[in-house]
Amino acid sequence: MTTYVYDFAQGNKDQKDLLGGKGANLAEMTNLGLPVPPGFTITTEACRAFLEHGSEPGDLAAEVSKHLARLEEAMGRRLGDPTDPLLVSVRSGAKHSMPGMMDTVLNIGLNDESVHGLASQSDDERFAMDSYRRLLQMFGATVLGIEDEVFSTELDELKRRKDTTADLDLDVDDLRELVSAFKKAIEEHAGRPFPQDPREQMDLAVRAVFDSWNTPRAVLYRRQEQIAEDGGTAVNIQAMVFGNRGMTSGSGVAFTRDPASGAQGVYGDYLQNAQGEDVVAGIRNTVSLADLGEIDQKSHDELLGIMQTLEEHYRDMCDIEFTIELGKLWMLQTRVGKRTPEAAFRIAADMVGEGLIDLDEALGRVNGAQLAQLMFPRFDESAERTLLARGMNASPGAAVGKAVFDWATAVEWADRGEDVILVRKETSPDDLHGMVVAKGILTSRGGKTSHAAVVARGMGRTCVCGAEALDVDVREARFTVRDGKTIHEGDVISIDGTTGEVFDGAVPVAASHVVQYFEGQQVDDPAVSAVARLMEHADSKRRLLVRTNADTAEDAARARRFGAQGIGLCRTEHMFLGERRELVENLIVADDEAGQRKALDALLPLQRQDFIEILEAMDGLPVTIRLIDPPLHEFLPDFTELSVAMALADTRGHRKKRQRKLLEAVRRLHEQNPMLGLRGVRLGIVIPGLFTMQARAILEAAAARVRDGGDPHPEIMIPLVASVRELEIVKQRIVDVAREVRDETGVDLSFSIGTMIELPRAALTADKIAAAAEFFSFGTNDLTQMTWGFSRDDVEAAFFGAYLDQGIFPVSPFESLDTEGVGSLVRTAAARGREARPDLHLGICGEHGGDPASIHFFDEVGLDYVSCSPFRVPVARLEAGRSSV
Ligand code: PEP
Ligand code: MG
C-alpha cells in the first residue's frame, strides 16, 4: 500500500521528490532537534494521483486523520476545538522552489466558535479576530477562487473610514466588522458560506494546493525555469505559531550569507507583529536582523546559532523563514538559498577556504550560465549620470530601458522590440509575464527577500527593489522621486542591480569585472578572485580542449586571452563582405575562365593577409580554416533592389552592362532551397578555382609566417560533405596546390585536411569519410537543420513557440543539442570515424559548442574539443571542467 502521508520526524532532506523541498527540509530540521512546530507532509505522489484522477486517492483521508490525531495529541489540542483550538497551516511545497507561485492557507481551524476559544486562551481578542479575518481572506482567495481585490477593497475602505493606513490601527471591533464583511463577500462571490467545519476547511485547502500546481502562473514559471511538468506538489500541514500576537511576536526571513554578493555574514528582514506572508509581500517595511537583536536578544542569538548549525549541516548558504511567538523562536522553513551568480562563485570559493567543501564540490556549485551572466556589461563608472534614487541591490546587472508600469505593457512593448524596465510598488506572482520580458525590475517596496528580488535572481534579471524614495503610481503610469522629478511611461531609465542605484536616462555600459579580468587587467573584486580560483580548478580537471570560432585576428586574440586553445572554425565567407563583395561579384559574373582567374587573383592577396594575421594571433595553436560555405547568391544584391536600381538607371538612359549581368546571375543562381543547394563542398566541385585560391592563400600565409619565425598550424576544413568522393576530389586539388606552394616558397609546411560532419549521410558513412579526413568537426547547426528538417533561419519565429508550449522539446534544438536524435548521429560518426582512423581528431564548432548541457554530452562521447564564440570560451572551459568532476 502506498504511503501518502509522513510525519516530519519520518523524512529527511534527500526526499525532495516525495516530500517536496519544504517538507524534506522541515523533516531534516525536526531531526536536527531544531524548534520546528510539529506537522506532517502529504506527498507529491498523492498530488499526482489527485491531478490524474480528479479526486484524492482512496486511502488519503484515513491517513490524514491518523496523522492529524497524532498532531493533536502532541499539541494537546484538537483542530478547531471551540474552547482551545489547534490551528494549522496548509502550505504547498514542490521539489523545486517556485516562489509565490502556489498556494498557502494559514489559521485553518478557526470558525465562529473557535475564534472565541482562541481569544480566551490567548487572552487577546484582537489577535484572534485578526487571525480569523486572515483565514477568511486567504481561504476565500485561494480555495474559493475569489479575487483578492474583493477583500483588499473592504480592508482599504475600513481603513479609510478609520482614517489610517496601518492594519495595526484597527481595533477588535473593526476586525469583527471585517470578519462579517468577509463572510458576506464569500457567500456572495462563491455562492456558499465559509465552511465552519475545521476538517472540511483543511481538506479543501489541501485540494486547492494540489490544484495550484496547474495555475497558469505556475505553468509559466516552470517553463521559464525548465522544471518538469509532472512533478506535482507536496502539502505540509503544520501546527500554527503566531507572529501576530503583539510586539513580542513577529515573522522574518534570513540568509546565512548575503544572497546578492555572497559576502559572509547573516542577512535578513524581520517584521514585528506580523504573519509570514506580510514580510515577503513588502506591505510594511521590515527591520534588519541587527535590529531584531535590539528588540529580542534571546531569540536573535538563538536564531544566529541555528543559522550556523544549518549552514554547517547543509554545507551551503541556507535561507530560512522563522516566527517568534511571545518571545519563543520557531523555524518554519529552510532550504539551500537562491543566489546571484556573483554570490554563487563567492560562496563556493569561500566555503573551500573555510574547509566546508572541496574544490570539486565547489565547481559543482557554479555553472556556465552564471559565469555568462557575470560577463554581462555593467555601467561605465566614468560616465555622467543623474541619480534618481537608491534601493536594494537585489539582482546584479546593468539594465537600460523604457519605464513601464504593468506587465501587459511590458509584454506588448517588448514584443515590438523595445527594452523595458518594469516598475512596480511591489511585484506579485501575477507580474511574472512582465518580469520575464523586462530588461530589469524596479520596485519601491520590499527587501532582498521580496517576491521581486527572489524571482529576478532566479531568472538572472537585473533588479533594484525597495527604492523608497519613489512614489509609484501604477494607475497613472508614472513615478515621482521625492525631490520632484517625475518619470512617465516610456521615459528611459537605467537601473544598477549591483549597487541598487536608479538613474535618469540611458547610462552607458562598460565591460564587466570578470571580462576585465579575462582580458588580463587587474581587478579588485572578491567575485573575480572566486571566478579565477574556480576557473583554475576547471582547467586543471577538464579533458576537453576549448577552441574558438573567430574570423578576424582581433577576435582570435581576444579568445586567446579568454583561454581559447586554437581556432575551431574560421568562416572564410565573412572575409568576402564589405568592399570585397564586388570582387566576388566579379567572379560570379565572369564570362570565361580568364575572367574568373582575374577575379580570383584579386582576392588571393587579401585572403592571404587575413590568414597571416589570424595565424599570427594564434601562433603555436591549431587554426581550422573552413573553405567557403554559403550559396554564392548571398554575395549578390537582392533581386528586387537590383531591378529597381536598373529601372532607375534606365530612365536616366545609362543602363549598365554590369547591372544586367548581375541580374542575370541573380536569376541563374536563384534556388528554391538554397540551404540544400549549391553551397559548401559543392561549390568546390563546380567552381574549383575558388577552393584552390583559398587553399593557396592559407598555405602561402602559413609559409610567410614560417619565414617570419612563426609557428603556424593550419587545418583546412571542407564543409557540407555528404560523400567521401566529394572530399577526395577536393582534397586532391588542395594537395596539388600544397605541392606548388612548397616548390614556390621552399617551405615544407605541416598542415592537415579534414571535413565538417553536418549532414546525416556524412555521419552515417563516417568510416568511409574518415579514410580521407584527418579530422572531423561537427557542424551541429546544419546537422540539426538537416536531421530535423528545420530551416535554421526561419523556424524559431515560425513555430517553435507552439513546439515549446506543447512540450515537443523543452528548449530549441538549435540552442541545446538534441542528444537523442542529432546526438545519436554525433555518437555514431565519432565511433565509426575512430574505428576507421584511430587517431582521427574530433571537434564541434556549431553553436552548441558554447552550450553547457551540450558540452557535457560532447565530453561524454569523447570529442577532443569544443569550439565556440570568444565570449563563450570561459563558459566552455568551466563546463568542461564541471563535466570532469
Ligand atoms: C554548423 O553548421 O554547425 C557550422 C558550424 O557551420 P555554419 O553555422 O557556418 O553553417
Ligand atoms: Mg554549417
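## Basis and overall make-up

A residue counts as buried if 20 or more other C-beta atoms lie within 10 Å of its own, as exposed if 12 or fewer do, and as partly exposed in between, with C-beta atoms placed from the backbone. By this criterion, 52% of the 885 residues in the protein are buried. The model is predicted: local features need pLDDT of at least 70, side-chain atom pairs count only at pLDDT 80 or more, and totals for chains, interfaces and linings use all residues. Residues are numbered from 1 along each chain as its sequence is written, while chains are lettered from A and ligands numbered from 1 in the order in which they are written.

The protein has 36 helices and 33 strands; these are DSSP runs numbered from the N terminus, helices being H or I with at least four residues and strands E with at least two. The C-alpha trace spans about 105 × 65 × 55 Å along its principal axes. Two residues are in contact if their C-beta atoms, placed from the backbone, lie within 7 Å. Among contacts between residues at least 6 apart in sequence, 68% join residues at least 24 apart.

## Annotated domain

UniProt, in an unreviewed entry, places the feature "domain: Pyruvate phosphate dikinase AMP/ATP-binding" at residues 17–54, 60–285 and 295–350. UniProt positions are given in the numbering used here, feature names are shortened, and annotations may be inferred rather than shown by experiment.

Residues 17–54 are 66% helix and 11% strand, with end C-alpha atoms 21 Å apart. For residues 295–350 the content is 52% helix and 30% strand, and the end C-alpha atoms lie 31 Å apart.

## Helices α6 and α7

Helix α6 (residues 148–161) packs with helix α7 (residues 172–190) at an angle of about 150 degrees, the axes being 10 Å apart. Axes are lines fitted to C-alpha atoms, for helices over the stretch in contact, and angles run from 0 to 180 degrees between N-to-C directions. The angle makes α6 roughly antiparallel to α7 (over 145 degrees).

On the α6 side the contact is made by Val150, Phe151, Glu154, Leu155 and Leu158, and on the α7 side by Asp174, Glu177, Leu178, Ala181, Phe182, Ala185 and His189.

## Val546

Val546 lies in strand β26 (residues 545–549). Val546 is buried, with 30 other C-beta atoms within 10 Å.

Leaving out residues up to four places away in sequence, Val546 touches Gly563, Ala564, Gln565, Tyr865, Val866, Val873, Ala876, Arg877 and Ala880. The C-alpha atoms of Val546 and Ser867 are separated by 5.8 Å, with the two residues 321 residues apart along the chain.

Terms used
Angles under 35 degrees count as roughly parallel, over 145 as roughly antiparallel, 65 to 115 as roughly perpendicular and the rest as oblique.
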